[in-house]
Amino acid sequence: MATYSQKLREQKRLDTDRLMNLLSRFSIHIVIILLSLGCLFPLLLIVSASFTDEIALTRFGYNLIPTQFSTDAYAAIFRTPGVIIRAYLVTIFTTVVGTILALALMSPLAYALSRPDFILRKPLSLFVFFTMLFSGGIVPYYILMTQYLRVQDTVLALILPYLVVVYYVLILRTYFAALPSELIDAARVDGAGEFRIFLSIALPLAKPALATIALFTALNYWNDWTTALYFVRDPQLYPLQYMLYIIQSNAQAMQLQGSVGNITVGEVPTQTARMAMAVLATGPAALMFLVFQRYLVRGVTLGAFR
Amino acid sequence: MDASFEQPMKTSVVPVAAPRKRFESLRGHKFSRNLVWLLMSLPAILWILVFKYMTLFGVWIAFTDFKVRRGVFGSDFVGLDNFRFLFATDTALRATANTIFLNVLFITGGLVASLLIAWLMYEIYSSKLTRFYQTMLLLPRFISWVVVGYFVYALLATDNGLINNILRNVGLQPISWYATPQAWPGILLLTSLWSGMGIGSLIYLSGMLAIDLQLFEAARIDGANKWQQFSHITLPIILPLVVINLLLSLAFILNADFGLFFQVTRNQPLLYSTTDVLDTYIYRSLIVTQNVSMAAAAQFYQSIVGFVLVLLFNWIVRRIERADEPLALF
C-alpha cells in the first residue's frame, strides 16, 4: 500500500515536472517570438510607410498597417527611375567585382599562411595580423586615398577599401590549415604544382568557408556608405546606401530652411518615396541574407565578427 | 570545379612510376613551392602594405601642421601642439567621455542580453523553430545603418513618428526626440542591442552547445533547478568565451561604431552633448571643419590607447589563464 501511494506521488511529481517543463518551454518560445518580431518590426514599419498615402502619413503618422494604402511612392520612383537605377548599377558593380577580387586576394594569402612548411609563414603572419592590433585609422587613410592614390570620385575608391579584411584572412587560414594534408600530399606525389593544388583541391574543399567570407564581403559592399561619404562627390557614382543618406540629409536641410522657403518642394522626394527607396535598397541585401543565412550562422561560429 | 577536384584523386590511385625519383624531386621542389606560396601571398601583402602600413606613417600627421600642398612629410613639425589644442577643447574631452560611457553601456547591456537569449535558445534548441529564430535575430545586423536611421526616424519623428503618436493617443505630451539629448544613451543602447544581440547570443549559444549533456543530467538528479544549472554549469564553462569577448570590446573602448552614431542620430548637432563620440568628432574635424592635424591627433590618441589596451588585456589574460585552457589572443 505504501509503495503504491509512493508510486502515485512519484508519478504526480513527474507529471508536474513535465507540465512545468512544457510551460517554461512555451514561455521561452513566447519570449523569443516577441524578440524576433521586435527584430522585424522596424523593417515592417518602413515597408508599411512606403505603401501609405503621403497625406495620410503626414496626418496620421507612421503605423504598422498603412492608414491609407497607396503605391504612389513606388509609382513616383519608377516614373523617373534614372537616379535609383544608376545607384543600383554602381552598387551591384562594386559588390560583384569587389567580392570576386577580395576572394582572389584573400584566399591565396590565407592558403599560403596555412602551409606548415612555408618558410615565411611566421614573419608574414606577424606582418598580416599585427594590423589587427594597431591601425592608423581614417585620417591617414583619407590622406592616402585622396593625396597619394588619388582615387576619389572613381569606382576604385568604392572597391579598394574592403579587398582585404585581415580578420577574414585569419578565418580562411584556420579553415585551410584544418584540411586533411593527405589529399595535398597525394596530389604533390602526382606532380601537381602548388598553385594547381590550391586551385583544384584546397579551394573546392574550402567552399563553405569561402561562401561565408564571400557573403560577408558582399554585404559589406552592399551596405557601404562611409566610403562614398569620404571619397565620392560625383552623383553619378553614388552607391545606393549613400544615395539614401543624401536624400535623407537633403530632406532634413529642407525642413530646416522650410521657413525661408526658397527651395522648391519637388526637388526632394516625399517621405513615402524616401521610405520606398529604403525598401528597394534593403530588399536585395535582405534576400541575400535569407537565401544564404546558413552560411551566416556558420560564419558566426567561425568567428567572422570581431 | 568539382571535376577538376576529382582528377588528382583519381590519378593518385594509379601506382606512381619510380617513386624514389619522385621523392627526390619533391625535396628539390621545396624552394619552388615556397616561391609559389610567396607569389600567392604577394597581391594581398601588397594591399596590406599600402593600406595598413603606409597609413601607419600617416600618424606623423598628428605631429605636424598639416598642409595638403606640402604633403605628410613636408608639413612643419609642431611636436605635441596638436594634442595640447585637442585636450584644451571641451569637445574632445566630451567625445572621449561619451565614447567610454556609451561603450560601457553597450558592452554590459550586450553581454547580459546575449547571454540571456543564448540561454533561452539553448533551452529550446531541440525545437524546429530555432533556425527561424536565429534568422530573425541575425537579420538586423545586415541592415545598413542608413536604413536603421530611416526607421528610427519613423519611430521618433516629432510630428508623425509612431512613438509620439502613441504618446498623443494616451494623452501625453509628444517629445521632440531629436532635440532631447538625455534620451539618446537609451535610444542608442536599444538600437545597438537590436543590431547586435543576435550575433552575440549565437556566439554564446555555440559555446553552450558544446557542453556535455551528462553534466546537466547529473545536476538534475541532484535536484538543481534551471537557474542553478545555468549559474553552476553553463556560466563557468562558457566563461572563457565571455572573458575573451569582454576584453576584446574593452580594448576598443575608444572606438565607436561610426554608422550608429552618425546615421541613427541623423548627425543632429542638438544631440552632440550625449551622442558625439571620437569617431564622429574625427569625421567632422576631417571633412567638415577640415582641420586635418586635429583629426589626426584625435585619431592617434584613439589608436594608441587601443593598442596599449589590447597588449595590457592580453597580458592580464595570460596571467590569469590556466595552462590547460589558453585564453590569450596571442
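How many Å separate the centres of domain 1 and domain 2 of chain B, taken over C-alpha atoms? For chain B, the separation is 35 Å. Hi everyone, and please keep in mind throughout that this is a predicted model.

Let me start with confidence. The model scores are ipTM 0.86 and pTM 0.86. Chain A has an average pLDDT of 86, with 92% of its residues scoring at least 70. There is a stretch to watch in chain A, residues 259-266, where the pLDDT is below 50. Beyond near neighbours in sequence, that stretch has 2 contacts in the model. In chain B the mean pLDDT is 85, and 88% of the residues reach 70 or more. Here the part to watch is residues 1-21 of chain B, over which pLDDT stays under 50. For residues 1-21 of chain B, the model has 20 contacts beyond four places in sequence. Where pLDDT is low, the predicted coordinates should not be read in detail.

Now back to the domains. Chain B is divided into domain 1, residues 18-77, and domain 2, residues 82-320. Between them, 7 residues of domain 1 of chain B are in contact with 7 residues of domain 2 of chain B. On the domain 1 side of that contact in chain B, we find 5 nonpolar residues, 1 polar and 1 charged.

Chain A also has its own assignment: domain 1 covers 13-70 and domain 2 covers 79-302. The C-alpha centres of these two domains of chain A lie 32 Å apart. In chain A, 7 residues of domain 1 are in contact with 7 residues of domain 2. Which elements give two or more residues to the domain 1 side in chain A? They are α1 and α2 (54-60) of chain A. α1(A) gives the most, with 4 residues. By type, this side of domain 1 of chain A has 4 nonpolar, 2 polar and 1 charged.

Let's move to where the chains meet. Here 81 residues of chain A are in contact with 77 residues of chain B. On the chain A side, the largest share comes from helix α1 (residues 2-50) of chain A, with 13 residues. The chain A side as a whole splits into 56 nonpolar, 20 polar and 5 charged residues.

I'd like to zoom in on one helix, α4 of chain A, residues 82-114. Two packed helices are described by the angle between their axes and the distance between the axes. The axis of α4 of chain A and that of helix α3 (residues 30-57) of chain B come within 8 Å and cross at roughly 130°. That angle makes α4(A) oblique to α3(B). Their crossing is left-handed. Which residues meet there? From α4(A) we have A:Leu105, A:Met106, A:Pro108, A:Leu109, A:Tyr111 and A:Ala112, and these meet residues of α3(B) including B:Trp37, B:Met40, B:Pro43 and B:Trp47. The contact of α4(A) with α3(B) holds 12 nonpolar residues, 1 polar and no charged.

Within its own chain, α4(A) also packs with helix α11 (residues 207-222) of chain A, at an angle of about 140° and with the axes 9 Å apart. α4(A) and α11(A) are therefore oblique to each other. Is this crossing left-handed or right-handed? For α4(A) and α11(A) it is right-handed. On α4(A), the residues that meet α11(A) include A:Thr91, A:Thr94, A:Thr95, A:Gly98 and A:Thr99. From α11(A), the partners include A:Leu210, A:Ile213, A:Ala214 and A:Trp222. The contact of α4(A) with α11(A) divides into 9 nonpolar, 7 polar and no charged residues.

Note on methods
Residues are numbered from 1 along each chain as its sequence is written. Chains are lettered from A and ligands numbered from 1 in the order in which they are written. This is a predicted model: local features need pLDDT of at least 70, side-chain atom pairs count only at pLDDT 80 or more; totals for chains, interfaces and linings use all residues. Ala, Val, Leu, Ile, Met, Phe, Trp, Tyr, Cys and Pro count as nonpolar, Asp, Glu, Lys and Arg as charged, and the others, Gly among them, as polar. pLDDT is the predictor's confidence in each residue, from 0 to 100. Domain bounds come from an automatic or database domain assignment. Axes are lines fitted to C-alpha atoms, for helices over the stretch in contact, and angles run from 0 to 180 degrees between N-to-C directions. Angles under 35 degrees count as roughly parallel, over 145 as roughly antiparallel, 65 to 115 as roughly perpendicular and the rest as oblique. A crossing is left-handed if the near helix is turned anticlockwise from the far one by less than a right angle, and right-handed if clockwise.
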